[in-house]
Amino acid sequence: MGNKQWPFDMPSFDVKGKTAVVTGATKGLGYGIAVTLAYFGANVLLTSRHQDECDEVANEIRDMGGRAIGVQTDVTDMDQVYAMIQRAVDEFGGVDILVNNAGMAVTKFAVDVTRDDYDRVMDSNLRSVYFGCQAAARQMIEQGRGGSIINIASIGGIKGSNALSTYGSSKAAVINLTKDFAVEWGRYNIRVNAICPGYVKTAMNMEQLQDPAYVKRTLKSIPLKRFGEIGEVASVAAFLASDASSIMTGAAVVADMGATLE
């Protein structure tokens with residue numbers, strides 16, 4: 001390409017030698033993110049509620065040449081969240097990237113939501129994110145080399161949804177929490193960003209996607225006229241985990257094929 005030196009360092013998705021913790025990593029978006037970060041060189045500690053599923057994905061990553069371990073973790077249990085971070089330290093020497101992906105939804109009209117419904121969604125989607133971030137940030141501050149925290153929110157936290165009030169409000173809180181933590185921890189070079197996926201094809205919504213009426217109705221509100229793919233969200237996570245996004249913190253990156261534009 002010639003002999004002249006480029007005027008600045010070119011961006012890279014390389015996270016070789018860094019350690020990433022990914023929650024809810026055996027299915028859907030979490031699986032895609034864990035595999036993608038491993039592809040770009042990260043050591044990956046991945047979690048879910050079931051050890052056998054964790055082992056299966058960790059073995060898959062190792063078979064592809066990556067480094068990974070699976071650790072059964074209930075992210076609503078703060079002791080287990082802190083143990084998860086410590087395990088990453090023990091196995092890989094530290095934590096550089098945290099992806100808070102684990103979560104759930106209760107589909108009910110607001111008048112029918114119970115206290116138990118509310119508590120389960122908030123514990124899984126918000127409380128776990130709060131204390132997962134706290135645990136990772138404490139470790140990153142101690143290490144003194146910064147880090148990247150990525151919270152998986154949703155366009156449900158930006159726009160209204162039918163029969164998903166608890167889910168939407170929890171994700172809106174995650175977006176605001178992301179901004180709060182970005183302000184607090186910027187002094188330590190810890191970047192905190194969120195991803196707000198739109199309609200992405202996963203195993204969880206395959207049944208809905210078999211309904212032509214649902215597909216037609218949904219695509220009407222999406223400017224790109226298609227659903228997203230797991231790998232597309234994973235690539236956004238890889239960007240935010242890497243130094244290619246070093247200028248970004250406190251952002252809520254909308255990855256929705258334009259669904260929130262209308």
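**View A. Tyr-39 is exposed, at 67% relative accessibility.** Buried means under 20% relative accessible area, exposed over 50%, and partly exposed in between (1.4 Å probe, protein chains only). The model is predicted: local features need pLDDT of at least 70, side-chain atom pairs count only at pLDDT 80 or more, and totals for chains, interfaces and linings use all residues. Residues are numbered from 1 along each chain as its sequence is written, and side-chain values use heavy atoms, leaving out hydrogens and water. Phe-40 is partly exposed, with a relative accessible area of 26%. Tyr-39 and Phe-40 belong to one aromatic cluster, together with Phe-13 and Phe-239.

**View B. Ring pairs of the aromatic cluster formed by Phe-13, Tyr-39, Phe-40 and Phe-239.** Rings of Phe, Tyr and Trp (its six-membered ring) pair if their centres lie within 6.5 Å; planes under 30 degrees apart count as stacked, over 60 as edge-to-face and the rest as tilted. The count by this rule is 6 aromatic pairs. Phe-13 and Phe-239 are edge-to-face, with ring centres 6.4 Å apart and planes at 85°. Phe-13 lies in the segment before β1 and Phe-239 in helix α8 (residues 230-241), so this pair ties together parts that are 226 residues apart in sequence. Helices (H or I, at least four residues) and strands (E, at least two) are DSSP runs, numbered from the N terminus.

**View C. Helix α3 (residues 78-92) and its buried face.** The helix has 15 residues and reaches 21 Å from its first C-alpha to its last, close to the 21 Å expected at 1.5 Å a residue; the expected span is 1.5 Å times one less than the number of residues. Its buried residues are Met-78, Val-81, Met-84, Ile-85, Ala-88, Val-89 and Phe-92. Seen down the axis of α3, these fall within an arc of 135°, so they line one face of the helix; the arc is that of the directions from the helix axis to the C-beta atoms. Asp-79 and Asp-90, on the other side of α3, are exposed.

**View D. The salt bridge between Asp-243 and Lys-18.** A salt bridge is a side-chain nitrogen of Lys or Arg within 4 Å of a carboxyl oxygen of Asp or Glu, and the count by this rule is 10. In this one, the closest N and O atoms are 3.4 Å apart. Asp-243 lies in the loop between α8 and β7 (252-255) and Lys-18 in the segment before β1, so the pair ties together parts that are 225 residues apart in sequence. Asp-243 is exposed at 53% relative accessibility, whereas Lys-18 is partly exposed at 23%.

**View E. A salt-bridge network around Arg-120 and Asp-117.** The closest N and O atoms of Arg-120 and Asp-117 are 3.3 Å apart. Both residues lie in helix α4 (residues 115-143), 3 residues apart, about one turn of the helix. Arg-120 is partly exposed, with a relative accessible area of 35%, but Asp-117 is buried at 5% relative accessibility.
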